[in-house]
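Please look over the model shown below with its packing and its charged side chains in mind. A short report on these topics accompanies it.

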Amino acid sequence: MTMMNCDGISGKLRSEFVQAELKRLYGNRNGMTAFQTGRYEKLIQRYTELFGENGHLKLVSAPGRTEIGGNHTDHNRGRVLAASVNLDTVAAVAPRDDMLVRLMSEGYPEVTVDLADLAVREAEYGTTASLIRGVAAGMLEHGRKIGGFNAAVTSTVAAGSGLSSSAAFEVMLTGIYDALFNDGGMPFAERAVIGKYAENVYFGKPSGLLDQMASAAGGLVTVDFGTEPAGIRAMDYDFAAAGYALVVVGTGGSHADLTEYYASIPAEMKAVAARLGGGDLHDVDEVSFTAHLGTLREELGDRPLMRAMHFYDENRRVLAQVAALDAGDMNAFLKEINASGRSSFMYLQNVWARPEEQGLSLALCLAERILGARGAWRVHGGGFAGTTLNFVPADLLDEFTGTMEKAFGAGCCNVLDIRPQGVYVLDIE
């Protein structure tokens, strides 16, 4: 058994190189580098308490993501604008000499998975075990090696935060398998595809590729899922330098029992496409869609048509958002973000699922009252419950967060920085 003492671990994490890396990944808003150093030290200590051996440890991190533009377009091969953020899921991990995975995530019971059996298990739908098994199966399908490992995990990407805790976990798992059993050079697009596969097939959630792609790619990216492979362009825009904070507001709503609501959106869009001979809406020309409105309404009803129109318009809005950032025109960008939010509310209809639970609606209403023409607000991610995304001028930040906390409780606001890298691996030896 190889052990590193606490002083050795602390010295490694406080070296000039690691401190610079932590600052690069997380920024240094409100002492963030010091916070992350302590967080990593506690994680390694916890691993040592759980598993003993810590001499061949790696720290593997993957970020949450924020969806900026392109709400519910990815699953029909549309366009998105997204970014990884400085909230992440981190594992202290070391390989085993068998095919067993033992994973202890902070605040949850231990999860044990035998990778000798990678069959899909319906009884595991919606569980951590399903993702461990599913990512392993995806790695093998892509010609990668797998093996057992011990892991202690901590996350600042809270479940239900709208920052995609599941995608961060899936992408982190690809980083673990890659770092421990392969050459560590897996392309980010491959990580994203494997994560989506695990979530769709093993976890049982019919998600698109946006969440995994944004987490895996790192930084600010625009993605066109209508090309094969997906067209990805990295962007460089500093919202803080422009005087704006990205604030995600958690309204306290639960995503439990909402899978059918999420699933209805891609299903209804694809139903429209199928009636016009396409596999998804990317395959269907908007002119043809408009020409068949009457027939489509008779066959499918009203909501699928509005959701399809949202898809076409949202694709154009993403292009306009990207062009605005390229030109440094923040006012034009904010206008497009607000247009996206209104379309999601009125036509996509993913702001609330039950009329008696409208936390997102209230958060959007408050944001509009505070920010007016100076900012932007919209539903964040899948919707129906969870979070909103807001672009808040620096001089309104205190008023904005204070008002939201009055409505939704202390700690409901995450003021985010964009993280420049997806998976990050740090050796602790």
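What follows describes the nonpolar cores, a helix, the salt bridges and a surface patch.

This is a predicted model, in which local features need pLDDT of at least 70 and side-chain atom pairs count only at pLDDT 80 or more, while totals for chains, interfaces and linings use all residues. Residues are numbered from 1 along each chain as its sequence is written, and side-chain values use heavy atoms, with hydrogens and water left out.

**Cores.** A nonpolar core is a set of buried Ala, Val, Leu, Ile, Met, Phe, Trp, Tyr and Cys residues joined through side-chain atoms within 4.5 Å; buried means under 20% relative accessible area, exposed over 50%, and partly exposed in between (1.4 Å probe, protein chains only). The largest such core has 46 residues, and Leu115, Ile132 and Phe149 are among those with the most contacts inside it. Helix H5 (residues 165-181) gives the most to this core, with 8 residues; helices (H or I, at least four residues) and strands (E, at least two) are DSSP runs, numbered from the N terminus. A second, separate core of 26 residues includes Leu87, Met330, Leu334 and Ala376. Leu115 has contacts (heavy atoms within 4.5 Å) with residues including Met99, Val101, Ile132 and Tyr177, leaving aside residues up to four places away in sequence.

**Helix H7.** Because 8 of the 8 residues of helix H7 (residues 210-217) are buried, this helix is largely enclosed by the rest of the structure. The elements that cover its buried residues include strand E1 (57-69), strand E2 (79-95), H5 and helix H6 (188-203). Just after H7, Gly218 takes a positive phi of about 80 degrees.

**Salt bridges.** The structure holds 28 salt bridges, each defined as a side-chain nitrogen of Lys or Arg within 4 Å of a carboxyl oxygen of Asp or Glu. Three of them are listed here.

| Pair | N to O distance |
|---|---|
| Asp117 and Arg121 | 2.6 Å |
| Arg121 and Glu124 | 4.0 Å |
| Arg303 and Glu268 | 2.5 Å |

Arg303 lies in helix H11 and Glu268 in helix H8 (residues 259-275), so this pair ties together parts that are 35 residues apart in sequence. Arg303 is partly exposed at 33% relative accessibility, whereas Glu268 is buried at 15%. Asp117, Arg121, Glu124 and Arg133 are linked in a network of salt bridges; within this network, Glu124 is buried, with a relative accessible area of 11%, while Arg121 counts as partly exposed at 35%.
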